[in-house]
Amino acid sequence: MRLVSVLRAPMSGWRERFDTGGREVARWFPGHMAKGRRERMHIPLSGRNPLLREALDIRPHLLVLNKMDLADLTHKSRILKCLEQQGLSHILFTDCLKDENIEKIVPLVTELVSNSQRYQRAENVEACMMVIGVPNVGKSSVINSLRRLHLRKGKASSVGAEPGITRAVLTKIQVCDRPLMFLLDTPGVLSPRIESVEIGLKLALCGAIRDHLVGEDVIADYLLYTLNRQQQFSYVERYGLASPCDEVETVLKGIALHLGKNRRVKVLTGTGDVTVMAPNYNAAAVDFIGSFRKGLLGKVMLD
C-alpha cells in the first residue's frame, strides 16, 4: 500500500489562508518583455494578460492550454466553462512531450482563417501567426512540436525550464507545408502590475516569474500550503518525511537531510570562529519546487 493512501488529514488541520507577511505584489517585466509587447500590439491573445486582451479584436485566435500532463483534468469542464464565459470558444489542451492534440492545431487554425473574410486573400495562400502567452507555458515547445509532426524537422526555438528563454520576436518559422503555415515565437509577457500577491505566487509556482524575484523559500511555503490544503501528501513519501507538516522550515529541513544537502556555516564562539554543517534550506526549496513542476508531487488546482 502506498503511503499517500493513508495520509488523509482533515482540511481543518491546515492553514486556512496563506500569510503574505505584508509583501508587495510581485513584478517581473524586464526590457525584452516591454520591447516584445511594443513590437506586436496586434497580438490575438496573451495567456490572460489584461494589457493584451484589448488587442484581441476580431482576429482569429486559438487558446492552447499546454502542459496538460501537469494539469488536474478533473476540473476540465469547469475550466472550459469559465473560459467560455469570457468569450473564448476555440480552446485546445495539449502536451508537447507526447505531441498530444498537437495535430489538431493546424486544422483548427486553417478553419478559423478560412472562416474570416478579412483574411481571404487569393494572391497569398500562406498563413503567418504568432504564438503568445505568459512566460514558461511552452510556446517554443508548441512550435517545435508542430515542426516535428508536420515537417519531421528538429528544434527551431530554444526551450528551457526557466521563464525568459525567448527574448525577442523571431523571424518566421515554417511549421507546415500543406497548408503553408508559419509561426512567430515571442517573449512571454506579464502585466507590469500583477493584480495581487496570491496571483503572483501562483504564477511563480508555475514558473512564469523567476524564482529569485519572489524567493525560493516563499514559493516553497506557498507550494506546501497548496499541497496540504488540497490533500496532496505525496511529498511525504518522496522525501522520506514522518508525516505531513504545515511548517515549511520543518519540511525543508527534512528534505535537505533526505537529499544530503548541507552547507558550511560559521559560528562565532568565545574561542573563535567554528565552521559547522547545517541543512541547506535553499537547495531543499529548489528541489521541492522543481519536483512539483515536473509533476512528481501530484496535481493541484490553481484557479
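Helices here are DSSP runs of H or I with at least four residues, strands are DSSP runs of E with at least two, and both are numbered from the N terminus.

**Ground rules**

I am working from a predicted model, in which local features need pLDDT of at least 70, side-chain atom pairs count only at pLDDT 80 or more, and totals for chains, interfaces and linings use all residues. Residues are numbered from 1 along each chain as its sequence is written, and side-chain values use heavy atoms, with hydrogens and water left out.

**Entry: L97**

I looked up L97 and found it in the loop between β2 (91–93) and α4 (105–114). Is L97 buried or exposed? I noted 73% relative accessibility, so L97 counts as exposed. For that label I use these cut-offs: buried is under 20% relative accessible area, exposed is over 50%, and partly exposed is in between, with a 1.4 Å probe and protein chains only. I also checked S141, which is 44 residues from L97 along the chain; their C-alpha atoms are separated by 8.5 Å.

**Entry: salt bridges**

How many salt bridges does the structure hold? I get 5, taking a salt bridge as a side-chain nitrogen of Lys or Arg within 4 Å of a carboxyl oxygen of Asp or Glu.

I started with D221 and R15, whose closest N and O atoms are 3.0 Å apart. D221 lies in helix α8 (residues 216–229) and R15 in the segment before α1 (31–39), so this pair ties together parts that are 206 residues apart in sequence. I wrote down D221 as buried, with a relative accessible area of 16%. R15 comes out as partly exposed, at 22% relative accessibility.

Next I looked at D246, which forms a salt bridge with R15 at 3.3 Å, N to O. D246 sits in the loop between α9 (234–238) and α10 (248–259), while R15 is in the segment before α1, so the two tie together parts that are 231 residues apart in sequence. D246 is buried too, with a relative accessible area of 15%. Putting these together, I see R15, D221 and D246 linked in a network of salt bridges.

**Entry: R293 and D211**

My last stop was the salt bridge between the side chains of R293 and D211, at 2.7 Å from N to O. Why does this pair tie together separate parts of the sequence? R293 lies in helix α11 (residues 281–293) and D211 in helix α7 (residues 211–214), so the parts joined are 82 residues apart in sequence. I noted R293 as partly exposed, with a relative accessible area of 22%.
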